[in-house]
Amino acid sequence: MQLSATRRGARRARLLATEQLRSWGLPFEAAAQVVAELASNAALHGRVPGRDFRLALTATERTLRIEVTDTRSDRLPINRQPGDNESGRGLILVDALADRWGVTPGPAPRKTVWAEFDLAP
């Protein structure tokens, strides 16, 4: 799905992901929170005016993979310790909820931030 790199686009990403995961019969609460965080980061930190971000969900028997691709390969996500700020905790949540996550660069000027959930057999 291609979505506008705005707060509204990030909110829509979470809603669309929740509905897709429900239709697949997969648990969606934690995954929807991860989508919300990654989409919010794409809209806030990965935004280039006039360019959208992309959300992809794939599921196999063993793994659910969430990918959010934006057009700011020069701005890689940083998992930092929370301070007194209200922001900066998104990747801590992703790290806590997902079984693994990471960043895949390219093709330029894009990057994809992904998270995976192990599914029960």
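This is a predicted model: local features need pLDDT of at least 70, side-chain atom pairs count only at pLDDT 80 or more; totals for chains, interfaces and linings use all residues.
1. Let's start with a loop residue: Leu76 sits in the loop between S3 and H3. Residues are numbered from 1 along each chain as its sequence is written, and side-chain values use heavy atoms, with hydrogens and water left out.

2. Is Leu76 buried or exposed? Leu76 counts as exposed because its relative accessible area is 52%; the cut-offs are under 20% for buried, over 50% for exposed and partly exposed in between (1.4 Å probe, protein chains only). Setting aside residues up to four places away in sequence, Leu76 touches Val103 and Lys111, a contact being heavy atoms within 4.5 Å. Between Leu76 and Val113 there are 8.8 Å in space, C-alpha to C-alpha, and 37 residues in sequence.

3. Now the whole chain. It has three helices and five strands, and reading along the sequence gives β-α-α-β-β-α-β-β. The C-alpha trace spans about 40 × 30 × 25 Å along its principal axes. Of the contacts with a separation of 6 or more, 60% come from residues 24 or more positions apart. As for burial, 39% of the 121 residues count as buried.

4. Which residues have the most contacts inside the largest nonpolar core? They are Leu38, Phe53, Leu55 and Ile66, in a core of 28 residues. (A nonpolar core is a set of buried Ala, Val, Leu, Ile, Met, Phe, Trp, Tyr and Cys residues joined through side-chain atoms within 4.5 Å.) Elements giving two or more residues to this core are helices H1 (7-24), H2 (29-44) and H3 (90-97), plus strands S2 (53-59), S3 (63-70) and S5 (111-118). H2 gives the most, with seven residues. Not counting residues up to four places away in sequence, Ile66 touches several residues, including Val34, Leu38, Leu55, Val113 and Phe117.

5. Arg65 is worth a look too; this residue lies in strand S3. The Arg65 side chain makes a polar contact of 2.7 Å with the side chain of Glu67, and another, also 2.7 Å, with that of Glu116. A polar contact here is a pair of N or O atoms within 3.5 Å; within protein, one must be able to donate a hydrogen and the other to accept it, and residues adjacent in sequence count only if both atoms are side-chain atoms.

How values were computed. Helices (H or I, at least four residues) and strands (E, at least two) are DSSP runs, numbered from the N terminus.
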